[in-house]
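The exercises below are to be worked with the sequence and the model side by side. Each one sets a task and then gives a solution in steps.

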Amino acid sequence: MRYIEPHGHMVSRTTDDYQDMVTTGCAAVCEPAFWAGFDRSSADGFHDYFCQLTEYEPKRAAKFGLPHFSWLCINPKESEDLALAKDVIGIIPQFLDRPNVLGIGEIGLNKNSRNEMKVLEMHVDLAARHDQLILVHTPHLEDKLKGTRLILDVLRADKRIRPERCIIDHVEEHTIQLVLDAGFWAGMTLYPESKCSPARAIDMLDLFSHERIWMNSACDWGVSIPLAVPRTALEMKRRGWPVDLIDKVVYRNPIEFLSQCPKFKLP
Ligand SMILES: [Zn+2]
């Protein structure tokens, strides 16, 4: 098997996880900037985190032969403080030329608040000005549908943004069609407890689309499984999916989206 992990928070994982991923056929891992489990107190904290994502973590992954790419932003959970968000967005351009940076993400909404919306618009403007791909986090549970609608409205309102260059992650049964119909890519996050189980993800692939869609484990410091993508691929096989179609969803689809950034190259 070969697959791409298009959304994994590797800074919170051990080297054992890197070994397991490579052993199961992972060909590249992409790491969006996210909430670290605590609120950072200054833009300097984000500066250090961006250095970790663009310098240290690619080196750690390279020890296991795994190409590592990253996405940069201030995540929605820390976007309530507009002054901090402005400072952080101000330092991002100095990192955008780094060789493993694919775009702006994971931006989006957490509680659908007014300030989160402002920061989302600032990120979309940043991506448009620097011609960057966009990776979007959608809120959880009861806020998801409303949040997804708000996010799509913001992206569509900016005429510089092309939907095929944006992926809306953490889609579920009630948001996937909305995203695909508007021309965006959709990501399904495979979590053991929340978000989307492997069975639900495969049902959605059966019901909706094999095009413009990827699966990820989002493996972070919470309850999550770094091998969720290959395990789901095995479950697809058990359910009778053709090997070529599994390969398309777990390998060729993410490559198709990510290759829109010329820096995404596999050895
Ligand atoms: Zn994430």
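Which residue just after helix 8 takes a positive phi? Just after helix 8, it is glycine 240 that takes a positive phi, of about 95 degrees. Helices (H or I, at least four residues) and strands (E, at least two) are DSSP runs, numbered from the N terminus.

This is a predicted model, in which local features need pLDDT of at least 70 and side-chain atom pairs count only at pLDDT 80 or more, while totals for chains, interfaces and linings use all residues. Residues are numbered from 1 along each chain as its sequence is written, and side-chain values use heavy atoms, with hydrogens and water left out.

**Exercise 1. Describe the protein donors of the zinc ion and where they lie in the chain.**

Step 1. The protein donors are His7 (NE2), His9 (NE2) and Glu106 (OE), which lie 1.9 to 2.1 Å from the zinc ion; donors are N, O and S atoms within 2.8 Å of the metal (3.2 Å for Na, K and Ca), and because water is not among the atoms, sites may look incomplete.

Step 2. Along the chain, the donors of the zinc ion follow the spacing H-x1-H-x96-E. Distant parts of the chain are linked by the pair of histidine 9, in the loop between strand 1 (3-5) and helix 1 (15-23), and glutamate 106, in strand 4 (residues 101-108), which are 97 residues apart.

Step 3. Histidine 9 is buried, with a relative accessible area of 2%, and glutamate 106 also counts as buried, at 5% relative accessibility. Here buried means under 20% relative accessible area, exposed over 50%, and partly exposed in between (1.4 Å probe, protein chains only).

**Exercise 2. Work out how helix 7 and helix 8 cross, and which residues meet there.**

Step 1. The axes of helix 7 (residues 198-207) and helix 8 (residues 228-238) come within 10 Å and cross at roughly 60 degrees. Helix 7 is therefore oblique to helix 8, since angles under 35 degrees count as roughly parallel, over 145 as roughly antiparallel, 65 to 115 as roughly perpendicular and the rest as oblique. Axes are lines fitted to C-alpha atoms, for helices over the stretch in contact, and angles run from 0 to 180 degrees between N-to-C directions.

Step 2. Pro198, Ile202 and Leu205 in helix 7 meet Thr232, Glu235 and Met236 in helix 8, where contact means heavy atoms within 4.5 Å. By class, the residues of this contact are 4 nonpolar, 1 polar and 1 charged; Ala, Val, Leu, Ile, Met, Phe, Trp, Tyr, Cys and Pro count as nonpolar, Asp, Glu, Lys and Arg as charged, and the others, Gly among them, as polar.
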